[in-house]
Structures are given as C-alpha cells and as structure tokens.
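Good morning, and thank you for coming.

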Amino acid sequence: DALAKYLLEQYGIFQILALRSCVTIGILFFIGSIQKNFVSSIKTSRLKSQILRGVFGLCAVFLFFLSLKKIPLADATALFFVSTFFLIILSRIVLGEQVQLFKWVAVVVGFLGMILIVQPSREINFYSILPILAAFFYALMMIATRFLSDTEGNLTLLLYQSATTLIISSLFLPFFWIEIGSNILLFILIG
C-alpha cells in the first residue's frame with residue numbers, strides 16, 4: 001500500500017491498475033507454462049460470475065487507491081478493515097451462513113487491535129468514506145469468491161480478476177497515460 005501511495009503521487013489509478021494486472025497475468029502464464037493442462041484449468045463455465053467478481057475487485061482497489069490520494073495511509077488502512085464486518089454480514093445475507101457470537105467477538109477484538117497498531121488520525125472527512133466503500137466491494141468480491149470456489153481454481157479466479165481489471169482499466173489509458181520512465185521496477189513490484 002505504501003508503494004501504491006508513492007506511485008499514485010505520479011501516475012493515475014487506471015494506469016497503475018492496468019500495469020499491475022499485466023504483471024499478474026504475466027506471472028500466471030509463466031506459472032501456467034510449467035503446469036500440465038493449464039489452458040483447460042483456466043476455462044470457466046461461469047463467465048458472468050467471474051466478470052462480476054472482477055468488477056467488485058476493481059471497485060475495491062480503485063476506491064482504496066483513490067482514498068490513498070486523499071487521506072493518510074494509516075487512516076485508509078484502518079477504515080478498510082471494516083471489510084471483516086461487511087464480510088460477516090454478507091455471509092449471513094447472501095450465503096445464509098450462521099454467524100456465531102464468537103466470530104463477532106473475534107472481529108471486534110481484531111479490529112480494535114488493528115486500530116491500536118495502525119494508530120490512524122482522528123481526522124474524518126468526505127474522503128474517509130472511500131476506504132469504507134472499498135471494504136464493502138472487497139467483501140462482495142470475497143463472497144463471490146466463495147460462491148465460485150466450488151468449481152473454479154485459484155489460478156482461474158486470479159486470472160479472470162486480473163483480466164477484468166486490465167480490460168476495464170485499459171479503456172481509460174488513452175486519457176490518463178503518463179510515461180513510466182525509470183519506475184518500471186516499481187510497477188513490477190506492485191503487480
């Protein structure tokens with residue numbers, strides 16, 4: 001996240017997302033080249049669900065990166081951790097899972113512990129809603145992951161996530177592209 005914040009000072013969010021996705025896809029295909037049946041293992045019969053999951057993930061990262069442009073990293077990180085609350089609530093609503101008291105206690109204790117460690121500022125402004133919205137979309141993506149994981153493998157999930165992000169982000173690149181120059185290694189690292 002610190003690397004993303006640094007890059008966001010110089011580059012647009014869509015450019016970072018597109019290049020990050022390119023790196024991820026490149027790594028996946030490298031891994032796939034040494035696996036048997038890679039092409040058949042990444043096929044999906046649930047393309048619409050994969051794309052929807054990809055859009056949820058794109059929204060989560062886009063909103064979180066946008067928050068990094070406007071608020072301190074510690075604040076964005078602390079606010080993003082409400083994703084665990086969203087995940088528990090959505091697990092109950094969407095997946096029909098029973099949420100036991102000890103899960104709620106664990107989430108609250110974990111959240112409070114994270115607040116103590118991260119020590120966010122007490123400044124709340126309009127931009128503070130961005131990491132909370134990011135957390136909501138992240139929770140939606142995780143619910144979609146659980147929904148898809150009974151038939152889709154990890155490589156398939158990651159590939160379609162990255163491909164969705166790359167395709168959508170690339171639509172904006174002609175308007176926001178900035179020459180990368182010597183920061184190419186940083187873009188590889190953020191992938």
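In α8, the buried residues are Leu130, Pro131, Ala134, Ala135, Ala139, Leu140, Met141, Ile143, Ala144, Thr145 and Leu148. Buried means under 20% relative accessible area, with exposed over 50% and partly exposed in between (1.4 Å probe, protein chains only). Helices are DSSP runs of H or I with at least four residues, numbered from the N terminus.

This is a predicted model: local features need pLDDT of at least 70, side-chain atom pairs count only at pLDDT 80 or more, and totals for chains, interfaces and linings use all residues. Residues are numbered from 1 along each chain as its sequence is written, and side-chain values use heavy atoms, leaving out hydrogens and water.

The buried residues of α8 pack against α4, α5, α6 and α9 (154–170), contact being heavy atoms within 4.5 Å.

Turning to α5, 6 of its 8 residues are buried, so this helix is largely enclosed by the rest of the structure. Those buried residues are Asp75, Ala76, Thr77, Ala78, Leu79 and Phe80.

Which residues touch the most other members of the largest nonpolar core? Among its 30 residues, they are Ile16, Phe64, Phe65, Leu68 and Phe187. Such a core is a set of buried Ala, Val, Leu, Ile, Met, Phe, Trp, Tyr and Cys residues joined through side-chain atoms within 4.5 Å. The helix α4 gives the most to this core, with 5 residues. A second, separate core of 7 residues includes Leu140, Met141, Ile143 and Ala144.

Technical notes: Helices (H or I, at least four residues) and strands (E, at least two) are DSSP runs, numbered from the N terminus.
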